[in-house]
Amino acid sequence: MTFYVCAVLTVLLIVGLSGAMLPFVSVWDHRLAKVRRRSLYDKSAGQTESFTAVLQVLFALALGADLLAGGWINRLMTGPWAFVWECLVIVSAVAALCAVAVLFVKKAGKTFFGLLSGLAATLSACLLCVLVWGFCLGALSAGAGDEEQAVQAFLVLMAGLHSLGFIFFAAFSLFLGLAGAYALALCWHILCRSRDDFGRDFYTFTLSMRARQALCASLLLIVSAAAMFWLTPVVDAEHALALLPFARGYASCALTAGMICLPLAALFWYAMARAAVPMQKRSFAFLALVLLLAGTYFVLGRV
């Protein structure tokens, strides 16, 4: 796995997993608006719904374009992998359509289509996790172009889904989806400031809430990343050099040290959540997102 391949894999994983969590975030905000009788939750949910539609449509278009154009990912899919890949593309498209429908229906319909979008995106996230896990272990490249080898690699991987390694990876993916959803939503609220002028109170409330949510999710993410580090404490020097070619002889150490990006991201979210005026600390949200991407890259590099 090269630097560029791992970088693309990181972006796809965060976008796919975050897209599965965001519909439930907006549905939950609408629920809180009714229970606590605060319209701020409804406004926050509205912005989250628009971002969910944008994110899921882009994700579905990227996967669909690769499938229809016979791209690099599609060429890896042979035998049973092709079925999983096609299901991922179809379910992602369904989730995107439901996310767009949320923007054009009334309140009752928003809950229905929001949950439907979340369920479809959750299924696509599960399929994505299996494919990413298989790619990181070399199961996809091993059977590329040979259907018999692809079937054998698929059966071996399916048997390994009960292993401790995949359980840790699934937990990491779950918490990555939560942290990514809150982190991306936080940045989206900031970007919407010039378009939706809901006042200082709204953005103080919303940005503090999203920063706290991202912080809590990141703490769980750090624990799961530590579990994966415990499972594979040593990284092959050649593998580390392929992921970090600029580090040369220190590639293995740099790959391990890079996991510190996740705690640093949590510190930025903590500082923003504690700020009296979070909008003044808006750069922290984008720095934390970059650190989340970097931390995920280093974790995937150790799988």
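Let me begin with a definition: helices here are DSSP runs of H or I with at least four residues, numbered from the N terminus. An axis is a line fitted to C-alpha atoms, for helices over the stretch in contact, and angles run from 0 to 180 degrees between N-to-C directions.

What you see is a predicted model, in which local features need pLDDT of at least 70, side-chain atom pairs count only at pLDDT 80 or more, and totals for chains, interfaces and linings use all residues. Residues are numbered from 1 along each chain as its sequence is written, and side-chain values use heavy atoms, with hydrogens and water left out.

I will start with helices H5 and H8. H5 covers residues 107–136 and H8 covers residues 164–191; they pack at about 130°, with axes 11 Å apart. H5 and H8 are therefore oblique to each other. For that word, angles under 35 degrees are roughly parallel, over 145 roughly antiparallel, 65 to 115 roughly perpendicular, and the rest oblique. H5 passes H8 in a right-handed crossing; right-handed means that the near helix is turned clockwise from the far one by less than a right angle, and left-handed means anticlockwise. On the H5 side the contact is made by Cys129, Val132 and Trp133, and on the H8 side by Gly165, Phe166, Phe169 and Ser173. Contact means heavy atoms within 4.5 Å. By class, these residues are five nonpolar, two polar and no charged. Nonpolar covers Ala, Val, Leu, Ile, Met, Phe, Trp, Tyr, Cys and Pro; charged covers Asp, Glu, Lys and Arg; the others, Gly among them, are polar.

Next, helix H13. Which helices does H13 pack against? One of them is H1, residues 3–36, which packs with H13, residues 282–301, at about 120°, the axes being 9 Å apart. The crossing of H1 and H13 is right-handed. Residues from H1 in this contact include Phe3, Cys6 and Leu13, and those from H13 include Leu292, Tyr297 and Leu300. The contact of H1 with H13 has ten nonpolar, three polar and no charged residues.

Another is H12, residues 261–274, whose axis comes within 8 Å of that of H13 and crosses at roughly 160°. H12 and H13 are therefore roughly antiparallel, and their crossing is left-handed. Among the residues that meet are Leu262, Phe268 and Trp269 in H12, and Arg282, Ala294 and Phe298 in H13. This contact divides into 17 nonpolar, two polar and one charged residues.

Ala294 sits in H13 and is partly exposed, at 25% relative accessibility. The scale is relative accessible area: buried is under 20%, exposed over 50%, and partly exposed in between, using a 1.4 Å probe and protein chains only.

Now Glu49, in helix H2, residues 39–68. Is Glu49 buried or exposed? Glu49 is buried, at 7% relative accessible area. Beyond neighbours within four places in sequence, Glu49 contacts Ser26, His30, Val102, Leu103 and Lys110.

Last, the cysteines. How many disulfides does the structure hold? The structure holds zero disulfides, a disulfide being a pair of cysteine sulfur atoms within 2.5 Å. The sulfur of Cys136 has its closest cysteine sulfur in Cys6, at 6.9 Å, too far for a bond. For Cys187, the closest cysteine sulfur is in Cys192, at 11 Å, also too far for a bond. Cys136 is buried, at 15% relative accessibility, and Cys187 is buried at 4%.

Conventions: Helices (H or I, at least four residues) and strands (E, at least two) are DSSP runs, numbered from the N terminus.
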